[in-house]
Amino acid sequence: MKNRFLSKVSGRVKILPLLLFPLLPLNAQTSTSSYQPGVTPEGMVYFLPKTAVRVVVQVEKTTYTPGEFCKYADRYLRLKDVASESSVSYRITNLRVEPVAMADTTKGFSVKFDPKSVAANIALSDDGVLLAINATPKQAESTPAFKPAPKPTIMNPRQLMSEEILAAGSTAKMAELTAQDIYEIRESRNLLIRGQADNMPKDGEQLKLMLNQLEMQDRALSSLFSGQTVKDTTEQVMTIMPDKEIERELLFRFSKKLGIVDKDDLAGEPYYIRVANLHVVPMPEANDKKKKQEPGLYINVPGKMKVTIYDAIEPMNVVELPAGQFGNVELLSGALFNKRYATHIWMNPISGAVDRLEAEQPK
């Protein structure tokens, strides 16, 4: 009978055509790890999801390199407090919390083939989570992949130095002549903007190009006095699976001089995570377990969790997320899948709850 059923993989979803169905929970919890989602000789196995917490931290690194003429910055360009030593610093620019679905192998259910039931298509994720029945599954919203901003082109200032500057006998003289060139560049730019230059460009596009070139030359030569500052942003992702409440767990350590460091590196300040079960779903009573011997579809009634990311001073991010592991499992009657109804079910890909259900009597 197994070879009567085909398994198709499209993207991250398996569509399994089969016959419905009495459903039973997997019997021994100790043996659930041996079950593989998908078609089995007796029928099919699927899992309900539980919700993990993904913490995404974006860190900006700022690198400062002093200019060759930094100690003459005040004398020639009136730049105050220009640093004369290199430095590297870090800061957190963004910290966000996202829910991520994972298969809960403690909530695995087997589908028994029943030739007296109507045929159905069951959609599973790659790890066996139930996504839809007789419907195209809803895709979980995903954040676009992180792409660092392109680094600006930095012109080499030495390529702009005249023969007179390079032949100067001292650094002080080189700085003085370079400052003169900077002021000449700025004067040329002002004349172009005012329309007073001897050789004005013929059109706006050429004017824009000339102004951009003068701006780049000004920036490059000025960096010999003010130094160069380069910024680069990186992203680090941490995933936590809260199977129970978390009161205070070290998430990462952060240093303004080193960035994100190892958890045992005391050079970084600690950042913690707290996960609280909001208890929005009552726990099932003991006699409810008898329901799980009835035919039907088992779904999540998810709870909610409050996730707080905080440092030693104050919260950095507080969100409420659905949590299948803090909820219950309920039974949808198997009568929905008999030959009298055309039933379509869309599951929430994060929580495992029913997002939408359509059950119509066929004409």
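These legends accompany several close-up views of a predicted model.

**View 1. The whole protein chain, for orientation.** The protein chain holds 16 strands and 4 helices. Of its 363 residues, 40% count as buried. The accessible surface is about 21,200 Å², and carbon and sulfur atoms account for 50% of that area. If you follow contacts between residues at least 6 apart in sequence, 72% of them join residues at least 24 apart.

**View 2. An open sheet of 5 strands.** Reading across the sheet, the order is E11-E10-E12-E13-E14, with antiparallel pairing. Strand E11 (259–261) and strand E14 (315–333) are the edge strands, each pairing on one side only. From one strand to the next, the twist averages 30°.

**View 3. Strands E10 and E12 side by side.** Here we look at one pairing within the sheet. Strand E10 covers residues 246–255 and strand E12 covers residues 269–277; the two run antiparallel and are joined by 6 bridges. To find your place, look for Glu249, which stands opposite Ile273 in E12.

View 4. Thr308 sits in strand E13, which spans residues 296–310. With a relative accessible area of 7%, Thr308 falls under the 20% cut-off, and therefore Thr308 counts as buried. Which residues does Thr308 contact, leaving aside its neighbours within four places in sequence? They are Tyr272, Ile273, Arg274, Pro315, Asn317 and Val318.

**View 5. The largest nonpolar core, seen around Phe252.** This core has 23 residues, and Phe252 and Val307 touch the most other members. At least two core residues come from each of strand E5 (43–65), strand E6 (87–112), strand E9 (228–240), E10, E12, E13 and E14. Around Phe252, leaving aside neighbours within four places in sequence, the contacts are Val57, Ile92, Leu95, Met238, Ile260, Glu269, Pro270 and Tyr271.

Definitions and conventions. Residues numbered from 1 in each chain as written. Predicted model: local features only at pLDDT ≥ 70, side-chain atom pairs only at ≥ 80, totals over all residues. Heavy atoms only, no water. Pairing = 2+ DSSP bridges. Axes fitted to C-alpha atoms, helices over the stretch in contact; angles between N-to-C directions. Buried < 20%, exposed > 50% of the residue type's maximum accessible area, 1.4 Å probe, protein only. Contact = heavy atoms within 4.5 Å. Areas by Shrake-Rupley, 256 points an atom, 1.4 Å probe, with all protein chains shown as cover. Core = buried A, V, L, I, M, F, W, Y, C linked by side-chain atoms within 4.5 Å.
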